[in-house]
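Welcome! Open the model in your viewer, and let's walk through a few backbone spots together.

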Amino acid sequence: KRLLHPELQSPGSWIFEDKVAGYTQLKQSIAADKSKTPDQHIAEAIPGFTALDNYTIQIKTLKPYPQLLYVLTMGFGAPVAKEIVEKYGQLGLGERVIGTGPFQLREISRGSKITLDRFPNFRKEAYPSDGDADAKKRGLLADAGKALPFLDRIEFSIVKEDSPLWLQFNKGSIDISGIPKDNFDTALNSSSGLSPELNEKGVQLDVTDRPVIWYLNFNSKDSLVGTNVNLRRAIVRAVDRDFMIKTFLNGRGSKGGSIVPPGIEGHTGKKEIDGDFNIAEAKELLKRAGYPDGTNLPEIRLDLRGASTTTRQQGEYLKKALGEIGVKLNVVANTFPAYLEKEKTGNLQFFIGGWGADYPDPENFLQLLYSKNVAPGPNASNWQNPKFDELYLKIAAMKPGKAKDKLIQEAEKIAFDDSIWSMLYYPKDYALYHSWVSNFRPNDLINNDLKYVRLDPDKRKKVLSEKF
């Protein structure tokens with residue numbers, strides 16, 4: 001219920017709204033009845049949540065909610081001790097990280113380092129004793145049944161520039177790292193994976209298909225792009241996704257034909273993109289939109305999600321690409337918080353959307369186009385389509401299977417035909433780690449994977465002295 005506290009401005013109340021008995025009514029009463037404080041409202045009982053004892057909570061749903069166990073594992077569902085909130089305030093956890101995990105915060109040096117220590121009172125939890133074919137092939141079950149965590153301390157180095165980060169990893173002073181964009185071609189050899197230099201040092205490479213989608217997005221409430229479907233169709237056909245993947249991802253991605261990414265149940269496997277790069281079609285559609293060669297078309301604003309070099313380069317590419325068909329873009333760089341504020345208030349026109357899976361269910365992606373999730377919710381396009389909504393609600397309550405997959409394809413077709421969205425690509429994650437690190441298997445769907453990681457300090461010392 002704390003997610004409804006006005007002071008938090010949490011984006012997470014959607015996980016219970018219209019799903020748990022009494023939750024939506026509680027939200028409404030907090031907003032309408034000012035005779036009580038939000039804390040007093042939240043303290044009141046609602047039928048959907050009952051604490052049966054100190055370790056058991058009973059949740060009553062209004063309808064089938066197959067994703068409930070998933071959402072409870074998100075940060076929004078993390079237990080927060082009432083005493084902590086009373087002492088530090090609703091926003092106090094931003095500085096005082098208090099929880100029940102395998103590590104505890106030791107120190108934060110802003111802009112430099114975050115240090116975690118093993119939590120001595122961590123509950124008894126064992127390393128998994130079973131895994132998929134990849135885990136068995138890589139020998140990731142050698143520690144099966146052993147108590148977690150293995151590490152005594154974790155140090156996160158905050159390195160703002162790519163060059164010193166890459167230098168530190170190559171010196172062995174950082175154990176795990178990604179590959180900076182400018183170093184990608186030298187780090188990898190197309191025929192054998194890693195470069196000879198990294199192979200000689202015993203560096204290991206992990207490549208993961210990320211459950212992430214990137215797409216072109218339009219605000220359906222905008223008086224220009226939101227009301228002219230042929231204009232949207234023209235714009236999306238002017239974008240060369242193969243060029244974007246090669247140039248901005250170093251080839252670390254694949255074109256995305258489905259709203260649901262690979263690795264998530266319900267992914268259609270579709271390779272073709274509805275409205276893929278086709279200049280001739282783009283020009284014809286722009287003509288049908290009433291703006292032949294861009295004549296009399298007002299300038300369109302493209303808001304960027306940040307101001308990094310790569311993000312700015314993407315903006316410049318889109319400006320040039322759309323200029324080829326006569327569409328003029330005003331590219332606006334934002335800080336990420338500023339962009340999110342524009343998204344939340346519906347103050348966007350044309351933008352690149354992105355979403356990473358909160359949990360492994362297609363509903364988590366399709367909800368981005370559900371009409372009840374319009375801004376400030378996750379439906380940043382503010383798109384509303386009754387037929388899509390009808391399919392979405394059916395899909396959300398269904399178990400996996402062919403019937404569900406068929407409905408997903410129908411829902412995607414409705415969105416793609418309207419071109420309110422146009423898919424760009426699915427990214428891949430390339431992670432490097434040194435030979436003294438084991439049990440490393442990154443996964444976007446979990447954020448506590450470091451409790452499984454093991455590090456051999458003796459091997460580290462030996463390898464550093466012999467190969468670095």
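**A tour of backbone details**

Start by selecting Asn 382, which is buried, with a relative accessible area of 3%. To see where you have landed, find the loop between α14 and α15; Asn 382 sits there. This is a predicted model, so everything on the tour is computed. Now turn to the backbone: Asn 382 is not a glycine, yet its phi is positive, at about 55 degrees. Most residues other than glycine have a negative phi, and most peptide bonds are trans.

Keep that loop on screen and select Pro 376, which lies between α14 (363-366) and α15 (386-397). What kind of peptide bond joins Ala 375 and Pro 376? The bond is cis, with omega of about 15 degrees.

Next, move to Pro 149, in the loop that runs between α5 (133-137) and β5 (153-157). Show Leu 148 as well, and look at the link from Leu 148 to Pro 149: this peptide bond is cis, with an omega of about -5 degrees.

For the last stop, go to the segment before α1 (23-32) and select Asp 18. Is Asp 18 buried, partly exposed or exposed? Its relative accessibility is 37%, and because values between 20% and 50% fall in the middle class, Asp 18 counts as partly exposed. Check its backbone too: Asp 18 has a positive phi of about 60 degrees, although this residue is not a glycine.

Terms used
Residues are numbered from 1 along each chain as its sequence is written. This is a predicted model: local features need pLDDT of at least 70, side-chain atom pairs count only at pLDDT 80 or more; totals for chains, interfaces and linings use all residues. Side-chain values use heavy atoms; hydrogens and water are left out. Helices (H or I, at least four residues) and strands (E, at least two) are DSSP runs, numbered from the N terminus. Buried means under 20% relative accessible area, exposed over 50%, partly exposed in between (1.4 Å probe, protein chains only).
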